[in-house]
Amino acid sequence: MAIERTFSMIKPDATKRNLTGAIVKMFEDAGLRVVASKRVWMSRRQAEGFYAVHKDRPFFGELVDFMSSGPTVVQVLEGENAIAKNREIMGATNPAEAAEGTIRKTFSKSIGENSVHGSDAPETAAEEIRYWFAETEIVG
Ligand code: DAT
Ligand code: MG
């Protein structure tokens, strides 16, 4: 399996509860490296653009409100099988269904406020990294 890069966000529910370090530690303990990171308070327009794929879903308005409600940490994670590994560490979208030991099971309050985002495929990883980072900001 090749070394991959994936895009990760620590969402406002987690930054508000001061969980950034605890979440990064879970990535690092699993062998992923943070090769880019910045804290952003995204605008509604940025949130709408990032989640455009969900624009027709009933929860879209709520999702955009939440994602622009406070600081987020956007990151690029690198490692062996990073895309699937990150999804595994995150756990299922609904924290009630997430496996023990995952970020969402450990920290998340609800399906809407589920602490982390992670790309789901190589194409979305490349697109999402490009949405938030210039090449020069990624230092492997
Ligand atoms: P994931 O973040 O696990 O990739 P997704 O891409 O299906 O999940 O949805 C994106 C985000 O939208 C998700 O992290 C939280 C929110 N969301 C999804 N389903 C929802 C629902 N039924 N009610 C409220 N928010 C939801
Ligand atoms: Mg998704």
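Asp13 is in contact (heavy atoms within 4.5 Å) with Phe66, Glu113, Asn114 and Ser115, leaving aside its neighbours within four places in sequence. This is a predicted model: local features need pLDDT of at least 70, side-chain atom pairs count only at pLDDT 80 or more, and totals for chains, interfaces and linings use all residues. Residues are numbered from 1 along each chain as its sequence is written, and side-chain values use heavy atoms, with hydrogens and water left out.

**Asp13**
- Asp13 sits in helix 1 (residues 12-16); helices are DSSP runs of H or I with at least four residues, strands are runs of E with at least two, and both are numbered from the N terminus.
- Asp13 counts as buried because its relative accessibility is 5% (buried is under 20% relative accessible area, exposed over 50%, partly exposed in between; 1.4 Å probe, protein chains only).
- Its side chain makes a polar contact of 2.8 Å with the side chain of Arg17.
- A polar contact of 2.9 Å links the side chains of Asp13 and Ser115.
- A polar contact is a pair of N or O atoms within 3.5 Å; within protein, one must be able to donate a hydrogen and the other to accept it, and residues adjacent in sequence count only if both atoms are side-chain atoms.

Definitions and conventions:
Chains lettered and ligands numbered in written order.
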